[in-house]
Amino acid sequence: MPEQDGRIMGVTRRQALGIGGALGLMAATGLGTSAAMARRPATTGAELRSDLPLPPPFQVPLPIPAVLAPSGTSEGADRYEIVQRETTLEILPGVRTRAWTYGGTFPGPTIEAHRGRPITVTHRNDLPVPTVVHLHGGRTPAASDGYPTDLVLPEGWTEPTMHPGMHTAHGSGMGNMRDPRAVLSRRTRDYTFPLDQRATLLWYHDHRMDFTAPAIWRGLAGLQIVRDDAEKALGLPSGPRELPLMIADRAFTAEGELAYPALDPTLRERPGVLEPYLAGVLGDVILVNGAPWPVHEVDAARYRLRLLNASNARHYELEAVLDDGRRLDLVQIGADQGLLASPVTHRFLPIAPAERYDVVVDFARVPVGGRVRIVNRLGSGRTRDVMAFRVARAVADDSRVPRVLSTDLPEWRRADAVRVREFSFRAGRMDDGHGWLIGGLPFDPARSDVTVGLGDVEVWRMVADVHHPVHLHLVGFRVLSRSGRPPLPHDAGLKDTVSLRPGEAVEIITRFDGYRGRYLFHCHNAEHEDMAMMANLQVV
């Protein structure tokens with residue numbers, strides 16, 4: 001992806017549509033490129049159907065991931081230890097399912113940390129394949145950011161045989177497209193996070209080269225919350241009335257295993273998915289904190305919901321609906337990178353893969369015994385339901401949502417930008433197969449794509465063919481416009497992931513500060529990411 005006058009050139013029509021007709025991935029969505037742009041379909045991907053009876057909704061209690069205790073403290077920094085291992089979990093009631101986990105649970109344990117207090121997390125890989133840990137949304141030095149080829153190898157790992165046509169070494173970072181800068185570790189690795197960033201909800205997940213999607217699908221995801229004193233002083237709902245909610249879809253085999261259409265189910269050699277799922281893998285079971293369509297008992301009071309879409313490809317449009325048809329407001333107080341300047345009220349809230357939203361819902365208007373369902377307006381059948389809350393009791397509530405939430409949001413202006421760049425996120429062909437490309441090129445860890453100066457402010461204009469949730473490592477950004485129009489209400493605040501809709505051009509502005517080194521930007525539809533929709537970002 002060579003730079004030219006601050007601009008990355010887009011793919012040609014021939015590249016976008018493929019050679020000799022539309023790409024199979026467009027067949028997977030049932031749309032050609034032009035139709036996708038015109039109709040703006042609700043989702044990108046194909047749905048897997050489970051092969052066993054599914055439980056009724058709103059029967060399983062909502063699990064709350066355990067908060068991980070530090071294993072020690074040294075010189076003002078806390079240390080944590082997590083073992084990555086396979087275990088058997090009861091996800092569907094009465095059914096045992098093998099999963100890859102952080103610490104034996106899905107989601108993994110939550111790490112709660114304080115702004116400006118560094119932590120070190122030691123990960124031990126007891127899984128049968130290499131792994132990489134990325135703290136999504138973290139303001140992290142490059143050595144701990146989880147670059148896809150900086151692998152933690154399991155004990156006894158040997159290099160797999162290269163599959164013909166692979167564009168990378170797929171799982172090792174070596175091979176016919178070697179990464180001379182890859183840093184390999186045997187079994188354990190320390191990741192250090194200074195946490196010099198705003199209080200917010202982050203999440204950690206596997207980021208292994210070309211196998212991110214199936215690794216997350218099998219369970220390698222967990223939450224990290226950064227707190228600070230200013231947020232604590234606001235009087236927002238807290239304690240049991242603050243709920244982290246990791247939303248993810250999955251599908252199950254007749255034996256209760258996690259179904260995924262991998263070309264190589266061992267995840268050792270050949271990456272990718274079967275042809276119908278090239279646009280993304282959707283499941284027919286909606287999990288919240290690892291439970292199918294759960295229910296949670298609440299007081300008639302305000303609750304703070306820390307929402308994460310941890311699905312590989314599924315988009316949601318969330319709405320809070322009473323059984324009598326009335327709707328509750330979703331009062332947004334935060335985005336990916338922390339609190340907004342002031343609250344924004346929504347009736348429904350779109351959330352793309354990897355996006356986070358911090359919202360307050362007030363159950364005070366719901367009668368005791370009443371039920372509030374969180375529904376997905378983009379779903380159908382079983383995927384329309386997400387979870388439910390049942391109001392159990394009337395209580396006093398001293399929480400509040402202040403009109404001013406924060407005063408530290410950056411005020412970058414277009415005039416501050418030292419350059420404007422353009423990027424296309426589109427389907428294309430690579431190595432005689434289908435891929436997802438940035439600027440017409442597949443990812444190459446050895447190639448320099450974008451180089452920025454530490455402290456530079458830039459405007460990026462990004463154009464999509466189908467849905468692409470684009471994530472920048474290291475920095476947060478503000479959304480400036482969508483297809484020449486003002487940002488949407490849910491674009492408020494500081495973000496690190498933005499949802500590009502079919503045929504849409506989105507402008508963002510950011511300042512590349514923090515740390516020098518090699519980082520990434522990429523689509524967070526995990527199947528697109530694994531099929532080369534990543535690019536290198538070098539901060540110098």
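In the predicted model, 47 salt bridges are counted, a salt bridge being a side-chain nitrogen of Lys or Arg within 4 Å of a carboxyl oxygen of Asp or Glu. Side chains of opposite charge can pair when their charged atoms come close. Because the model is predicted, local features need pLDDT of at least 70 and side-chain atom pairs count only at pLDDT 80 or more, while totals for chains, interfaces and linings use all residues. Residues are numbered from 1 along each chain as its sequence is written, and side-chain values use heavy atoms, with hydrogens and water left out.

The salt bridge between D324 and R326 has an N to O distance of 3.0 Å. Burial is assigned from relative accessible area (buried under 20%, exposed over 50%, partly exposed in between; 1.4 Å probe, protein chains only). D324, with a relative accessible area of 53%, is exposed, whereas R326, with 33%, is partly exposed. In the salt bridge of D336 with R356, the closest N and O atoms are 3.7 Å apart. D336 lies in the loop between β21 (330-335) and β22 (338-346), and R356 in strand β24 (residues 356-362), so this pair ties together parts that are 20 residues apart in sequence. Helices (H or I, at least four residues) and strands (E, at least two) are DSSP runs, numbered from the N terminus. D336 and R356 are both buried.

A further salt bridge joins R373 and D385, with 3.4 Å between the closest N and O atoms. The pair links distant parts of the chain, with R373 in strand β25 (residues 371-376) and D385 in strand β26 (residues 385-394), 12 residues apart. R373 counts as partly exposed because its relative accessibility is 22%, and D385 counts as buried because its value is 15%. A network of salt bridges links E112, R227, E231, E242, R304, R306 and D358.

Charged groups also lie over aromatic rings; the criterion is NZ of Lys or CZ of Arg within 6 Å of the ring centre and within 35 degrees of the ring normal. The charged end of R382 sits over the ring of W293, at 3.9 Å from its centre. R518 lies over the face of Y147, 3.6 Å from the ring centre.

A pair of aromatic rings is described by the distance of the centres and the angle of the planes. Rings of Phe, Tyr and Trp (its six-membered ring) pair if their centres lie within 6.5 Å; planes under 30 degrees apart count as stacked, over 60 as edge-to-face and the rest as tilted. The count of aromatic pairs comes to 9. Y102 and Y204 form a tilted pair, at 4.9 Å centre to centre and 55° between the planes. Since Y102 lies in strand β4 (residues 97-102) and Y204 in strand β11 (residues 200-206), the pair ties together parts that are 102 residues apart in sequence. Y102 counts as buried, at 0% relative accessibility, and so does Y204, at 3%.

W217 and Y260 form a tilted pair, at 5.4 Å centre to centre and 55° between the planes. W217 lies in helix α4 (residues 212-217) and Y260 in the loop between β13 and β14 (281-282), so this pair ties together parts that are 43 residues apart in sequence. Both W217 and Y260 are buried. Ring pairs also link F423, W460, F512 and F521 into a cluster.

In soluble globular proteins, nonpolar side chains tend to be buried together. A nonpolar core is a set of buried Ala, Val, Leu, Ile, Met, Phe, Trp, Tyr and Cys residues joined through side-chain atoms within 4.5 Å. The largest such core has 125 residues, of which L307, F363 and F521 touch the most other members. Strand β13 (residues 242-250) gives the most to this core, with 5 residues. Apart from this core lies another, of 9 residues, among them L236, I333, V360 and L405. The contacts of F521 (heavy atoms within 4.5 Å) include F423, F425, I438, V450, W460 and H471, not counting residues up to four places away in sequence.

Strand β6 (residues 119-125) is mostly covered, with 6 of its 7 residues buried. Strands are taken to pair if DSSP finds at least two bridges between them. Strand β3 (residues 77-89) pairs with β6 in the parallel sense over 7 bridges, and N125 in β6 is the bridge partner of Q84. β6 also pairs with strand β10 (residues 188-193), in the antiparallel sense over 6 bridges, where R124 stands opposite T188 in β10.
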